[in-house]
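Here is a friendly briefing to read alongside your viewer. Have the sequence and the 3D view open, and we will go through a helix pair and then a sheet.

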Amino acid sequence: MPALSSTMTEGKIVEWLKKPGDPVARGESVLVVESDKADMDVEAFQEGFLAAVLMPAGESAPVGETIGLIVETEAEIAAAQASAPSSSAAAVAAPSKPPAAATAPVKPAAEPAPAAKALVAPVAASPATAPVAEMSNATTTAANGRLVATPRAKKLAKQLGVALESLRGSGPHGRIQAEDVERASGQPLSVPRVSEGSSSYAPATAALAGNGASAAGAAGAAPLGQAFGSPGETVAFNTLQQAVIRNMAASLTVPCFHVGYTITTDRFDAFYKQVKAKGVTMTALLAKAVAVVLARHPQVNAAYSEAGMAYPASVNVAVAVAMDDGGLLTPVLANADKTDLYSLSRSWADLVARSRTKQLKPAEYSTGTFTLSNLGMYGVDRFDAILPPGTGAILAVAASRPCVVAASDGSISVKRQMQVNLTADHRVIYGTHGAAFLKDLAALIETDPESLAL
Amino acid sequence: MNSRLDAILFDPISIVPFQLAWGWQRVLQARLLADSSGPEALLLVQHPDCYTLGRGASEQHLRFDPAAAPAPLFRIDRGGEVTHHLPGQLVAYPVLNLSRHGADLHLYLRELEAAVLDVLAVLGLAGERIEGLTGVWLEGQKVAAFGVGARRWISQHGLALNVNCDLSGFGAIAPCGLIDRPVGRLCDWIPGLLPEQVQPLLQQALASRFGLTLRSPTLAERLWR
């Protein structure tokens with residue numbers, strides 16, 4: 001059930017415009033959802049077949065609920081119908097802004113694991129959203145001797161001139177994976193996949209329009225964890241990895257400590273949903289929040305230097321970004337406290353695009369005065385970060401998740417909460433500084449996120 | 001806050017049959033679907049006597065046999081229950097690309113309500129919203145009804161504001177599915193008020209709420225001769 005409004009909690013299925021078994025074209029309306037006095041046609045974002053309707057017309061479903069399944073080929077309909085609705089799925093179709101989300105060519109498969117795509121809309125992801133595990137690639141299975149390869153494998157085979165027919169697929173039921181093509185061509189995959197602290201990149205999360213989680217072009221990633229080498233190998237460090245080693249080792253000379261805080265994000269999440277439509281990214285929003293609070297806590301923006309405590313002239317928030325080739329970059333949003341959210345979002349998109357192609361100038365990744373590291377999109381509930389050299393503090397942001405919360409008056413409620421964890425250089429930043437900073441940050445996120453748009 | 005958006009105003013002088021205006025809306029919607037950066041549009045009309053049902057509406061709210069309706073009955077692609085249109089009621093159909101207006105259907109309904117509240121304020125009337133009952137209310141009577149539909153965030157349908165229409169036709173239905181809430185009209189507060197006096201106010205309020213710069217259609221954009 002797609003979210004058609006930030007205030008929509010459930011929607012009523014007015015009508016299924018397609019019957020199970022019907023083919024659906026990309027962009028074709030599949031059903032009509034009503035919320036309040038507004039109707040919206042919900043469209044499919046890739047072609048296939050409506051395999052199953054899990055929620056009949058006339059029923060209401062909470063936002064995010066799986067209401068139907070779409071499969072790629074007619075042959076998969078039966079399998080999709082047989083597999084439980086809860087089987088993993090890439091969500092399909094939602095009316096909201098297709099572009100980002102829809103582009104990921106997620107392909108459903110008939111078999112157990114990556115099954116049909118669920119017709120749902122994940123509720124907007126804030127720093128949170130536990131990513132639905134990877135399913136991007138599964139193409140269909142050939143019991144009938146038909147050549148089966150993932151879309152990415154097909155694309156790669158074309159690029160690298162590998163004949164798919166000559167390959168033996170390592171995927172489920174012999175499906176040819178990108179890795180198989182890569183192995184056959186002797187070429188390593190070298191598309192830097194940038195993973196950064198924004199819900200705009202959720203590793204092939206259910207692609208769903210409009211709402212949070214967009215599946216970045218994570219086509220290749222298999223359900224496996226990423227590795228730099230293969231089992232049995234020892235791989236020499238590349239330049240980027242050597243840089244990481246130097247920075248990590250340098251951090252051992254810094255006496256660091258950690259302070260954590262649990263922040264309720266319902267209001268922040270709601271605000272994010274509002275501004276997301278205007279192109280604001282979670283990364284920009286978090287960076288802005290941190291920057292505004294840093295401006296009021298200059299001590300936490302300070303760093304150790306030989307000459308003494310160094311107070312930077314501006315608040316430059318760096319955001320940690322992991323590259324697939326082992327690099328760790330920290331593109332910088334300069335003057336983030338004084339820059340409006342929309343400009344920050346645009347700058348961030350530009351920085352990420354250029355970091356993928358390694359076109360960042362040194363000043364664009366080395367002038368951070370404070371660093372933000374967000375792993376929320378992986379669903380982690382807490383972690384701590386290592387301090388980048390030359391700065392005084394880094395904030396680790398985990399996923400925001402629904403939690404049962406007891407208030408001081410004894411009442412119990414469910415709220416979305418995320419843990420943040422500050423790592424700070426105790427030569428410059430003391431426990432009280434860190435604590436006061438986190439308290440203010442929490443207050444801003446919990447009670448006044450709207451002020452970030454001003 | 002956002003730059004003024006180009007929008008075409010269609011305000012035919014004569015009373016427009018429902019199907020005709022619905023057809024126009026679909027043309028306008030199709031144009032925006034084909035070119036999502038194209039101009040938005042605002043259609044301001046009055047309809048002859050008719051009843052319309054939202055796509056998910058229940059026929060239980062009709063107090064007549066749908067096969068023998070007292071006036072033409074249309075089941076249409078909008079949200080909401082049954083409503084009644086007739087001369088003396090101003091109907092506004094904004095065909096907007098809601099992605100430019102927050103991409104939020106509830107927000108859109110609230111903005112439409114706000115536009116009507118603006119109109120009432122200009123007339124010196126204190127309209128109000130009732131939480132959970134989309135509409136604009138004056139002293140407990142519903143003076144404006146809302147129902148919208150959207151495809152890829154391109155809206156159609158909109159709002160109906162009762163100015164000096166005959167209210168007896170509402171007796172044949174439970175408007176919007178509400179049984180014990182009376183329907184009202186502005187002329188009961190401001191005697192002698194005419195739709196043509198309210199229309200410019202509504203046009204102005206909608207334009208300002210949605211940041212539209214309204215203009216006449218070009219020759220190619222015309223919906224009728």
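Helix H7(A) passes helix H9(A) in a right-handed crossing. Please keep in mind that this is a predicted model. The points below start with that helix pair and then move on to chain B.

**The helix pair in chain A**
- H7 of chain A covers residues 282-296 and H9 of chain A covers residues 341-356; they pack at an angle of about 125 degrees, with their axes 8 Å apart.
- The two helices, H7(A) and H9(A), are therefore oblique to each other.
- On the H7(A) side, the contact is made by Thr283(A), Ala284(A), Leu285(A), Ala287(A) and Lys288(A).
- H9(A) contributes Leu341(A), Leu344(A), Ser345(A) and Trp348(A) to this contact.
- By residue type, the contact of H7(A) with H9(A) divides into 6 nonpolar, 2 polar and 1 charged.

**A sheet in chain B**
- Three strands of chain B form an open sheet in the order E4-E3-E5, with mixed pairing.
- Strands E4 (73-75) and E5 (83-85) of chain B stand at the edges with a single partner strand each, so one side of each has no neighbour in the sheet.
- On average, neighbouring strands of this sheet are turned by 25 degrees against each other, direction ignored.
- Strand E3 of chain B (residues 50-53) runs parallel to E4(B), and 3 bridges join them.
- Tyr51(B) has Leu73(B) in E4(B) as its bridge partner.

**Chain B overall**
- Chain B has 3 helices and 11 strands, running β-α-β-β-β-β-β-α-β-β-β-β-α-β from the N terminus.
- Of its 225 residues, 48% count as buried in chain B.
- Among chain B contacts between residues at least 6 apart in sequence, 74% join residues at least 24 apart.

Definitions and conventions. Residues are numbered from 1 along each chain as its sequence is written. Chains are lettered from A and ligands numbered from 1 in the order in which they are written. This is a predicted model: local features need pLDDT of at least 70, side-chain atom pairs count only at pLDDT 80 or more; totals for chains, interfaces and linings use all residues. Two strands pair if DSSP finds at least two bridges between them. Helices (H or I, at least four residues) and strands (E, at least two) are DSSP runs, numbered from the N terminus. Axes are lines fitted to C-alpha atoms, for helices over the stretch in contact, and angles run from 0 to 180 degrees between N-to-C directions. A residue is buried if 20 or more other C-beta atoms lie within 10 Å of its own, exposed if 12 or fewer, and partly exposed in between; C-beta atoms are placed from the backbone. Two residues are in contact if their C-beta atoms, placed from the backbone, lie within 7 Å. Angles under 35 degrees count as roughly parallel, over 145 as roughly antiparallel, 65 to 115 as roughly perpendicular and the rest as oblique. A crossing is left-handed if the near helix is turned anticlockwise from the far one by less than a right angle, and right-handed if clockwise. Ala, Val, Leu, Ile, Met, Phe, Trp, Tyr, Cys and Pro count as nonpolar, Asp, Glu, Lys and Arg as charged, and the others, Gly among them, as polar.
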